[in-house]
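Reader: I would like to learn how to read salt bridges and strand pairing from a model. Please take me through one case.

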Amino acid sequence: MKTRTTAAVTAALLAASGAAALPAAASPPPKVSDTLDLTMLATTDLHGRVASWDYFRDAPYSDAAGDRVGLASVASVVDEVRAEVGDDRLLVVDNGDALQGTPLSYYYAVQEPVDETGAVHPMAAAYDAIGYDAQVVGNHEFNYGLDLLDAYTEDVGFPVLGANVLDAATGEPALAPYTLVRKHVKGHKPVTVGVLGLTTPGSAIWDKANVEGRLEFQDMAEAARTWVPRVRAAGADVVVVLSHSGTGASSYDESVAPPENASDVIARTVPGIDVMVVGHTHLDRPSQVVTNEVTGEDVLLTQPYRFGSTVSRVDLSLAKVRGRWTVASTSATAIRTKDYPESQEVLDLVGEQHRTTVDYVNQVVATSAQELSAATSRYEDTPIIDFIQQVQTDTVDAALDGTAYADLPVLSVAAPFSRTAVFPAGDVSVKDIAGLYVYDNTLQAVAMTGAQVKDYLEYSNRYFATVPAGGTFDPARDTAAGGTPDYNLDLLSGVRYEVDLSQPVGSRVESLTLADGTPLAADAEVVVAVNNYRRSGGGGFPHVASAPVVHDEQQEIRQLLIDWAQDRGAIDPADFWDESWWLTVDGERVSG
């Protein structure tokens with residue numbers, strides 16, 4: 001929060017007019033025309049959500065907190081606040097990651113891509129109906145290539161920003177760095193809000209195939225130091241930074257890209273910022289204050305909760321000093337969208353696209369011989385994860401025919417993305433497979449040595465807490481150690497190994513052999529099938545980002561799973577399940 005008091009603002013106003021400052025108790029209040037209140041509403045990380053609908057369950061969205069998600073609910077929040085404060089006092093912004101995350105956004109990027117059909121992207125239609133003023137690109141805006149991003153930016157009626165996203169050929173910003181929003185409130189001098197957009201540089205790693213040679217990503221703090229003064233010089237009375245970046249450590253080695261999460265660094269080191277909207281990390285942090293080391297002023301950071309579960313409301317009190325508006329105070333609160341109805345106008349705008357997506361995900365692609373669940377996949381080998389492993393292995397093995405790598409063993413990496421995924425006995429639909437593999441990753445393969453594979457597995461198994469010899473493993477207590485997410489537990493097929501939880505991290509993987517029982521020699525060469533996120537350095541796993549790439553045909557793994565099942569018409573564990581890893585405590589196998 002800004003720490004200026006009303007008395008301090010009054011004294012500044014008097015000093016500006018040449019009058020002597022009166023004692024605080026006798027200070028007359030500023031004239032109405034010399035004070036002004038503005039409100040900003042902010043969202044972040046919508047990830048393809050318009051309706052509060054779970055396409056994987058084909059049912060209304062629900063979670064433990066009872067939250068609602070999607071832009072249709074956000075619209076009702078904006079409508080209410082707009083009616084309260086007036087459109088001339090309201091600014092509406094989005095902090096990125098709009099174009100990926102649901103079958104709806106996937107369908108109109110891949111199945112019927114809007115950059116080819118000319119249709120309006122459903123997210124663009126919803127944002128426009130709500131009346132946003134600006135948006136910054138998130139890292140997931142690059143997932144489907146620059147043509148789709150270009151089509152989206154042309155669809156929306158507001159600027160899509162990215163000051164640190166540079167054209168690789170010219171070094172100039174590839175997107176608008178900032179925008180100026182001018183507000184005219186009756187009886188007041190107009191006020192100009194400068195909105196600067198910055199995004200995490202991790203896109204250079206995670207979407208290397210889409211951006212390499214075309215875009216470069218500048219360090220966010222460096223870009224802020226360049227552009228915040230320019231925004232002020234362009235006439236901004238208030239400076240808002242949309243920062244698609246969190247606070248804290250990077251998920252990758254910072255020697256290969258600038259820091260992933262730099263929002264707090266920017267607030268602390270770059271003067272001239274009034275408010276920052278934070279995102280990317282999917283946290284619910286409506287109000288945080290960081291003191292700028294240069295000016296001593298407090299900078300308000302607000303992070304709305306992901307998917308539109310909350311809208312951040314930022315109230316700004318302005319005062320006119322020497323004829324210019326200055327920010328006297330700021331405050332932020334979270335508005336939970338579960339307390340608001342979905343806007344029928346927004347639902348109707350995307351109704352046809354929503355129904356098309358529902359029809360798509362309900363297509364039956366195969367029959368499963370039995371129910372397969374992912375519920376225990378994070379602590380025991382399960383057939384449903386081996387289904388992923390088999391498809392990845394088959395795809396890479398076939399692609400290597402006739403190459404120098406054709407005779408090498410092919411290993412496969414998969415992670416337990418979802419604890420709720422299940423293939424029912426009987427009909428399996430697109431939504432069932434999409435619910436198992438929830439990310440839009442593509443398949444790649446790299447060459448690694450046995451020693452590197454061992455290092456990789458040791459790093460992965462930091463996911464488990466240490467269980468002392470004689471102790472009992474408890475999945476609820478002993479998984480996700482240190483906050484490690486499930487998607488950073490990589491499981492390997494094509495080898496056999498055990499993980500002794502009584503041993504310290506880094507010395508847990510034992511009895512590592514190839515599938516035929518041959519010990520995996522340190523200097524042995526193998527091919528490892530892996531998704532593009534991991535291969536690009538996501539999660540910070542050792543060796544994989546620098547390993548030679550031997551396969552990359554830009555095939556989406558989820559679609560490979562669907563195609564494999566559809567081609568065979570059946571999903572039977574007898575065709576792919578091979579228990580190849582297990583947990584032990586001091587040599588004794590454990591069970592959940």
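Reader: By this rule, to what number does the count of salt bridges come?

Author: This is a predicted model. A salt bridge is called here when a side-chain nitrogen of Lys or Arg lies within 4 Å of a carboxyl oxygen of Asp or Glu. By that rule the count comes to 19.

Reader: Which residue forms a salt bridge with glutamate 84?

Author: The partner is arginine 313, and the closest N and O atoms are 2.9 Å apart. Glutamate 84 belongs to helix 2 (residues 71-85) and arginine 313 to strand 15 (residues 310-321), so the bridge ties together parts that are 229 residues apart in sequence.

Reader: Is glutamate 84 buried or exposed, and is arginine 313 buried or exposed?

Author: Glutamate 84 has 52% relative accessibility and counts as exposed. Arginine 313 is buried, at 14% relative accessible area.

Reader: Where do the partners glutamate 293 and arginine 268 lie?

Author: First the contact itself: the side chains of glutamate 293 and arginine 268 form a salt bridge of 3.1 Å, N to O. Glutamate 293 sits in the loop between strand 13 (285-291) and strand 14 (298-303), while arginine 268 sits in helix 10 (residues 263-269), so this pair links parts that are 25 residues apart in sequence. Glutamate 293 is exposed, with 57% relative accessible area, and arginine 268 is partly exposed, with 30%.

Reader: Now the sheets. How are strands held next to each other in general?

Author: Strands of a sheet pair through backbone hydrogen bonds, in a parallel or an antiparallel sense. In this model, an open sheet of 3 strands runs in the order 21-17-28, and its pairing is mixed.

Reader: Which strands stand at the edges, and why is one side of each left without a neighbour?

Author: The edge strands are strand 21 (426-429) and strand 28 (570-571); each has a single partner strand, so one side of each has no neighbour in the sheet.

Reader: In which sense do strand 17 and strand 21 pair, parallel or antiparallel?

Author: Strand 17 (residues 364-368) pairs with strand 21 in the antiparallel sense, over 4 bridges. At the residue level, threonine 367 stands opposite aspartate 427 in strand 21.

Notes: Residues are numbered from 1 along each chain as its sequence is written. This is a predicted model: local features need pLDDT of at least 70, side-chain atom pairs count only at pLDDT 80 or more; totals for chains, interfaces and linings use all residues. Side-chain values use heavy atoms; hydrogens and water are left out. Helices (H or I, at least four residues) and strands (E, at least two) are DSSP runs, numbered from the N terminus. Buried means under 20% relative accessible area, exposed over 50%, partly exposed in between (1.4 Å probe, protein chains only). Two strands pair if DSSP finds at least two bridges between them.
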